Amino acid sequence: MKRNAVISILLVAFFSSAASIYAEENSAANNANIPPSKEKRAEIRKEIKDNRGLVKENVMMKREEFKEKVETHREEMKEKIKGEREAFKEKVAALKDERKKAVVEKVDTKLATVNQNRTNKMTAALEKLNEILTRLQAKSVEKKAAGADTNAVDAAITQAQTAITTAQTAVTAQAGKSYVAQITDDSTLRQTVGSAFNLLQNDLKTTHATVAEAKNAVSLVAKELGKI
């Protein structure tokens with residue numbers, strides 16, 4: 001009899017505790033579903049607006065920094081190979097065939113122009129990718145503030161930032177390169193100039209591959225963000 005009374009008391013205590021836990025969980029769930037207050041929504045909108053302003057400033061700053069870095073490196077390399085350039089001019093002046101001399105000078109100018117134009121285009125492409133990535137990052141922050149899981153997006157953003165930095169380094173280095181043909185005499189002129197041209201093409205191809213990888217990385221960020 002006493003044993004049955006004890007069991008009854010334990011059962012009552014158990015069900016009372018369970019009911020209390022359920023009530024607390026249900027209350028928490030209901031509170032989670034309550035939409036943010038008007039003041040909270042206004043606060044979130046202000047944070048988003050401020051964040052967009054910072055994004056714009058950040059994009060402009062990064063763009064100018066990258067441009068300045070490329071131009072500075074280009075000028076530094078011009079000064080560095082000044083002696084090599086002077087030696088090239090002397091070699092060209094010593095060529096006996098005036099027609100070959102004109103061709104070599106034209107090709108030399110062409111190589112420099114092609115490298116500058118291509119690296120300028122790659123620089124512009126990276127600036128655009130950086131701008132897109134910054135905006136995607138801002139959207140990810142907004143999604144996270146709204147309670148979304150942005151872990152996959154954040155991981156993709158990190159990869160994209162690394163890819164862009166790698167590409168920027170490659171383009172900066174490429175912009176400073178000079179393709180001066182190592183002239184010895186008239187007999188090897190075609191081969192020497194051809195080697196300089198092939199080297200330029202290979203270097204540009206390698207550099208452009210890093211830009212393409214950066215583009216793919218940014219595309220992945222957009223894809224992951226679209227899943228949220």
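The following is a short exchange about a predicted model.

Modeller: Because the model is predicted, local features need pLDDT of at least 70 and side-chain atom pairs pLDDT 80 or more, while totals for chains, interfaces and linings use all residues. Residues are numbered from 1 along each chain as its sequence is written, and side-chain values use heavy atoms, without hydrogens and water.

Biologist: How many helices and strands does the protein have?

Modeller: The protein has 6 helices and 0 strands. Helices (H or I, at least four residues) and strands (E, at least two) are DSSP runs, numbered from the N terminus.

Biologist: Why is S140 called buried?

Modeller: Buried means under 20% relative accessible area, exposed over 50%, and partly exposed in between, with a 1.4 Å probe and protein chains only. S140 has 3% relative accessibility, so S140 counts as buried. S140 lies in helix α4.

Biologist: What is S140 in contact with, leaving aside its neighbours within four places in sequence?

Modeller: Contact means heavy atoms within 4.5 Å. With those neighbours left aside, S140 is in contact with T150, V153, D154, I157 and L225. The C-alpha atoms of S140 and I157 are 9.4 Å apart, and the two residues are 17 apart in sequence.

Biologist: What makes a set of residues a nonpolar core?

Modeller: Such a core is a set of buried Ala, Val, Leu, Ile, Met, Phe, Trp, Tyr and Cys residues joined through side-chain atoms within 4.5 Å. The largest one here has 24 residues, and A214 is among those with the most contacts inside it. Helices α4 (98-145), α5 (151-175) and α6 (189-226) each supply at least two residues of this core. Its largest share, 9 residues, comes from α6.
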